[in-house]
Amino acid sequence: MAMNGAESLVRTLVAGGVEVCFTNPGTSEMHFVAALDRVEGMRAVLCLFEGGATGAADGYARMADKPASTLLHLGPGLGNGIANLHNARRARTPLVNIVGEHATYHRAYDAPLTSDIESLAKPVSAWVRTGLSARDVAADGAAAVAAALTPPGGVATLILPADTAWEEGGDVAAALPVPPRTRVPDEAITHAAAALRSGEPVLLHLGDRAVRGEGRRIAARIAAKTGAKLLAMTSNARIDRGAGSVPIERLPYPVDQARAVLEPYRHIVLVGATLPVAFFAYPGKPSALAPATCDVFALASPEHDQIDALERLAEAVGAPAAIDAPAPARPGLPEGGRLDQDSIGQVLGALIPEGAIVCDESITTGRNFFPVTQAAAPHTWLQLSGGSIGLGIPMATGAAVACPDRKVITLQADGSALYTAQSLWTQAREKLDVVTLIWSNRSYAILRAELANVGANPGRKAIDMLTLDDPPIDWPSLARGYGVEGRRVETLPQFIDVFRHALARRGPFLIEVAL
């Protein structure tokens, strides 16, 4: 029996290394859904909201270093998923985003769900294609996988008209070659080496692959030889850190703090990092954060081979072959005090288990967690990279699918969590080992600070738009409604006890931390 287009596409995705599909399908995608039954090797994970599907695909790929696929329903389904596709684009996440479409002949009738899907997809995609025939859709799928993996990685959106899925398809398409990351020219190495030998203060600003373990180790060798300092971007897709790793801080989010950190430097060498700029414009403050007198130079952009560039730079400056890894003491548990940002950070530093994956959408509460957790057990830290809130719980969901033997901990602001709380249900359905910590200050706390930063003069109506306490959200009850055990803690001893309990068991668990 001949395959239809949907089955040839699914088989092609599996052959290209795509093993998971995060789905929220509709009528137009039913033949793709049916094909999942006939094809071994593709796990289907149901998400109750498209933003949960796209966020989970992002978290999965960050940990698996290969794409998952999504399955979304027409233009409105894509629209619901765009916020987390934006985050995936900013994280340079490889992701195959499949969007169903009306049958090719049906689009002319302007049925109620008809929309311009390509125009919706382009701003968040590195590659967009609409399938034209069932015979070609497998080749389209192979091209999508290759496009997603092409450095530096990105969202490849394949739009699948219903008739290209149900009509007789072609053969399974072979995986296409993926171009390697390009080497930086020798001139770039020479420029960076000259800055490092100048005797002036130099910052190595790291992002993308350069901020991971291997990149940081090479950068630390360069710093040991030249006296340069290391700093990560404010938001990073993935940092492997903890005891035994090279410690690194991030550029602060607040503009004045970030400018103060960068002020001493006369050379900033970007390695996998982008130009340090403010997240927003503020009256009377610059958008570029580096001093005007500073030489900001890109040694290696995200699409370049950053590890090769660092190795060549290390050789150019005569860096040692190895340096001793720092061995800071792991913080102990606090012996008393209030349940606040500082004590929470200390608890995290003391209790994060070895091999954990931390998914951080803490927003304001977690700004000081990074230093105190550097000496925790070795772990991986994923961040909100695009600034579009609602990623934390879905990202943790995808990370847990990618790494079922690793404990996942979500550090989650309460306002952001409400955007995609449905992903708790997926965690329960898939029996994922995720502990979600909700920082329950019952407000959009970051926006209270932003009112002052932009010079606004808030009144009662403005303040009401930033509060979440009338009525208060009952997070344990909400979690239980999705099938996840939940507890609320109001004191530091309670938090320590319940967090320990959650880490010792398997399966999803939510803790509302009252602040």
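Does K431 count as buried, partly exposed or exposed, and at what relative accessibility? K431 counts as exposed, because its relative accessibility is 66%. The cut-offs are under 20% relative accessible area for buried, over 50% for exposed, and partly exposed in between, with a 1.4 Å probe and protein chains only.

Before going on, the basis. This is a predicted model, in which local features need pLDDT of at least 70, side-chain atom pairs count only at pLDDT 80 or more, and totals for chains, interfaces and linings use all residues. Residues are numbered from 1 along each chain as its sequence is written, and side-chain values use heavy atoms, with hydrogens and water left out.

Now the whole chain. The protein chain has 20 helices and 17 strands; these are DSSP runs, H or I of at least four residues for helices and E of at least two for strands, numbered from the N terminus. Its radius of gyration is 24 Å, close to the 24 Å of the globule rule for 515 residues, so the chain is as compact as a globular protein of that length. That radius is taken over C-alpha atoms, and the rule is 2.2 Å times the number of residues to the power 0.38. Along the principal axes, the C-alpha trace spans about 70 × 60 × 45 Å.

Of the 515 residues, 56% are buried. Contact means heavy atoms within 4.5 Å. Among contacts with a separation of 6 or more, 80% are between residues 24 or more positions apart.

On to helix α9, residues 213–226. At 1.5 Å a residue, its 14 residues should span 20 Å, and the end C-alpha atoms are 20 Å apart, which agrees. The expected span is 1.5 Å times one less than the number of residues. Buried residues in α9 include G213, G215, R216 and I218. The buried residues of the helix pack against α8 (186–197), β7 (202–206), β8 (229–232), β9 (239–241) and α11 (306–316). Just after α9, G227 has a positive phi of about 85°.

Two loop residues in this part of the chain. R209 sits in the loop between β7 and α9 and counts as partly exposed, because its relative accessibility is 34%. Leaving aside neighbours within four places in sequence, R209 contacts D65, R181, G215, Q306 and I307. R209 and R238 are 29 residues apart along the chain, with 8.5 Å between their C-alpha atoms.

N236 is in the loop between β8 and β9. At 1% relative accessibility, N236 counts as buried. Not counting residues up to four places away in sequence, N236 touches R62, L206, G207, V211, R250, L382, Q383 and S385. From N236 to R90 the C-alpha distance is 9.3 Å, across 146 residues of sequence.

Last, backbone geometry. D65, one of the contacts of R209, has a positive phi of about 55° although it is not a glycine. D65 lies in the loop between α3 (50–64) and β3 (69–72) and, at 36% relative accessibility, counts as partly exposed. K431 also has a positive phi, near 55°, and is a residue other than glycine. K431 is in the loop between α16 (423–429) and β15 (434–440).

There is also a cis peptide bond between P151 and P152, with omega about 10°. P152 is in the loop between α6 (137–149) and β6 (155–161).
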